[in-house]
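Take a look at the fold below.

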Amino acid sequence: MPERDANIKAVLRYYDRTESRLGYLYLLRGTKHFGWYEAGDSGWRFSPAMRRMEHQLGRRLGLDAGSRVLDAGCGMGEVARTMAADFGLDVTGIDILDFNLDEARRRSERAELTSSTRFVEGDYHDLSQFEDRAFDGVYTMETFVHAADPERVLAEFHRVLRPGGRLVMFEYSRTPAEQLEPVARAAFDAVCELGAMPAWHRLNHGDLENLLAVASFKVEPVEDVTARMLPMLRAFAALGRVPYATARRLGKTEKAVNAMSGVEMWKHQDAWRYNIYTATKNA
Ligand SMILES: C[S@@+](CC[C@H](N)C(=O)[O-])C[C@H]1O[C@@H](n2cnc3c(N)ncnc32)[C@H](O)[C@@H]1O
């Protein structure tokens with residue numbers, strides 16, 4: 001699978017860069033997803049907003065305490081710990097970043113959540129380390145955009161879920177390229193390329209729900225919740241403006257991918273949406 005290997009290398013490269021390591025650690029304290037904002041919430045209060053986003057996930061999973069859940073692309077395990085501590089779920093997190101998994105284990109130890117959270121290295125394209133029907137729920141929190149082969153990932157999610165099991169995905173979709181102005185299209189292409197996000201580049205609005213149906217899931221209406229996370233993106237755009245401009249001047253945009261993404265995605269809001277996909281494996 002040379003294409004998949006190249007994709008994994010690109011994802012590793014993106015998260016291993018100094019900007020990613022420092023930004024996610026110091027700005028977001030190790031979490032790597034957007035927050036949920038109600039009217040009047042300050043866009044700069046990242047941590048409470050990220051916890052609120054995680055609560056949206058827990059509610060949509062709607063599983064009983066003790067249910068076994070797979071966190072596909074767990075990062076440092078902040079989402080997994082919220083699912084365990086606040087929803088009583090038993091979470092197995094997988095990721096390809098060994099330095100994130102080490103930290104996820106340390107944090108779960110500190111939080112005394114080692115019996116309800118565990119973290120193992122794994123690629124969500126190949127979940128062969130898990131039996132068929134091993135989980136009551138599977139979720140992705142802003143991870144599926146990195147997939148090289150979305151159909152294969154969904155087939156694996158379907159296989160490891162028990163009949164009646166729940167799949168919830170917090171993921172972006174895109175506006176078809178031909179509907180975008182050249183400048184928005186070029187910006188979107190650069191964000192996907194430098195951020196190692198081939199699935200986001202490929203999946204137009206409406207596509208993921210169709211893929212879920214083809215993978216034999218019963219799909220609920222998709223929720224476009226872009227407005228809920230925009231305050232955080234606005235803050236990122238403000239923070240990213242100077243580093244991005246400087247990197248561009250020096251011809252080193254690849255050193256400021258997150259700054260670029262914040263600025264360009266804020267500027268070209270017509271190019272994308274932030275959605276919640278909820279589906280059930282047919283019994
Ligand atoms: C934006 S981060 C989100 C991390 C975590 N869900 C969170 O919200 O903090 C995306 C994560 O997906 C992981 N990822 C990307 N491709 C993956 C793959 N093929 N298999 C497993 N994890 C993957 C990345 O390593 C990264 O940790």
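Contact here means heavy atoms within 4.5 Å. This is a predicted model, in which local features need pLDDT of at least 70, side-chain atom pairs count only at pLDDT 80 or more, and totals for chains, interfaces and linings use all residues. Residues are numbered from 1 along each chain as its sequence is written, and side-chain values use heavy atoms, with hydrogens and water left out.

Start with Thr 143. It sits in the loop between β4 (135–141) and α6 (150–160). Helices (H or I, at least four residues) and strands (E, at least two) are DSSP runs, numbered from the N terminus. Thr 143 is buried, at 7% relative accessible area. Buried means under 20% relative accessible area, exposed over 50%, and partly exposed in between (1.4 Å probe, protein chains only). Neighbours within four places in sequence aside, Thr 143 is in contact with Ala 72, Gly 73, Tyr 124 and Glu 171.

Now move to strand β4, which holds Phe 135. Phe 135 is buried too, with a relative accessible area of 5%. Leaving aside neighbours within four places in sequence, its contacts include Arg 68, Val 69, Leu 70 and Val 160. Asp 86 is 49 residues from Phe 135 along the chain, and their C-alpha atoms are separated by 19 Å.

A UniProt annotation, from an unreviewed entry, reads "domain: Methyltransferase type" and covers residues 70–169. Such annotations may be inferred rather than shown by experiment. Over residues 70–169 the chain is 34% helix and 30% strand, with the end C-alpha atoms 12 Å apart.

Next, the cores. A nonpolar core is a set of buried Ala, Val, Leu, Ile, Met, Phe, Trp, Tyr and Cys residues joined through side-chain atoms within 4.5 Å. The largest has 59 residues, and Phe 34, Leu 57, Tyr 139, Trp 200, Trp 272 and Tyr 274 touch the most other members. Helix α10 (residues 226–249) gives the most to this core: eight residues. Apart from it lies another core of 27 residues, among them Ala 72, Val 160, Leu 208 and Phe 217.

Finally, a helix pair. Helix α2 (residues 18–27) and helix α11 (residues 257–267) pack at about 65°, their axes 8 Å apart. Axes are lines fitted to C-alpha atoms, for helices over the stretch in contact, and angles run from 0 to 180 degrees between N-to-C directions. The contact is made by Glu 19, Ser 20 and Tyr 24 of α2 and Val 257, Asn 258 and Ala 259 of α11.
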